[in-house]
Amino acid sequence: MVKTVKYNALLIVVGVLGSGLFVLTGQQPAPSGVFTSAQAEAGRKAYEDTCGKCHTPTLLGRKGDPGELPPVSSLPVYMQEMASGPVPPLAGADFMGRWGSRKTAELTERINQAVGAFPPEGTNIPVPGHAPAESDPTAVNITAWVLQVNGARAGTVPLTKTTAIIVRSITADQTRQADAH
Ligand code: HEC
């Protein structure tokens with residue numbers, strides 16, 4: 001009996017120390033995927049059809065330099081003015097600097113605004129500039145794609161508009177390091 005009590009106490013001490021170490025070193029294991037590969041794939045398609053014209057297929061954005069692809073002159077006329085200046089990247093160190101410490105739900109909300117402004121095909125948005133229907137999955141899918149390009153892994157749990165994971169906690173290590181500069 002006495003032995004059991006001691007043993008339990010030891011387990012508790014080990015447990016507390018163990019979790020403390022995780023916090024101190026920031027070595028918490030990455031949570032398993034918060035989106036599915038089907039969502040990321042649907043997001044890629046929606047992104048490439050519209051967003052990618054300005055933010056570019058690599059998601060690295062534009063500086064406004066000549067020769068950036070796809071050429072601004074090849075874009076639909078209503079996009080050309082906005083695409084000829086800087087377009088912020090949606091991947092890499094600069095993007096992580098702005099969004100890494102925020103929650104996935106905030107990113108989805110910002111992407112939802114962009115979806116309303118530039119509705120990709122397959123969305124049910126009556127006029128550009130209107131908010132997508134509450135049930136429209138486009139913004140969630142594009143968020144999944146953006147997270148995947150930034151190194152996050154797909155899993156079995158679908159992303160939703162309310163998923164509130166810190167972006168940096170699920171993206172790639174090299175992005176975290178780049179962000180620390
Ligand atoms: C016509 C060019 C153009 C298109 C098309 C476009 N964007 Fe953008 N986007 C911009 C520019 C320019 C900005 C920066 C100015 C601003 O924040 O409004 C921006 C800003 C953003 C931001 C905020 C980035 C940050 O770090 O603050 C996100 C997210 C975004 N766009 C996502 C999208 C998505 C998703 C789509 C497709 C549904 C899309 N954009 C379509 C030009 C475009």
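Threonine 56 lies in the loop between H2 and H3, helices being DSSP runs (H or I) of at least four residues, numbered from the N terminus. The model is predicted: local features need pLDDT of at least 70, side-chain atom pairs count only at pLDDT 80 or more, and totals for chains, interfaces and linings use all residues. Residues are numbered from 1 along each chain as its sequence is written.

- Threonine 56, a residue other than glycine, has a positive phi near 70°.
- Threonine 56 counts as partly exposed because it has 19 C-beta neighbours inside 10 Å (20 or more would be buried, 12 or fewer exposed; C-beta atoms are placed from the backbone).
- Leucine 59 is in the loop between H2 and H3, and its phi is positive at about 75°.
- With 18 other C-beta atoms within 10 Å, leucine 59 is partly exposed.
- Proline 70 is found in the loop between H2 and H3, and a cis peptide bond with omega of about -10° joins leucine 69 to proline 70.

**Ligand shell**
- Cys51, Cys54, Met79, Met82 and Ala114 come nearest of the 19 residues around the ligand (C-beta atom, placed from the backbone, within 6 Å).
- H2 (37–55), H3 (77–84) and H5 each supply at least two residues of this shell, and the largest share, 5 residues, comes from H2.

**Helices H5 and H6**
- H5 (residues 104–117) and H6 (residues 138–149) pack at an angle of about 120°, with their axes 8 Å apart (axes are lines fitted to C-alpha atoms over the stretch in contact, and angles run from 0 to 180 degrees between N-to-C directions).
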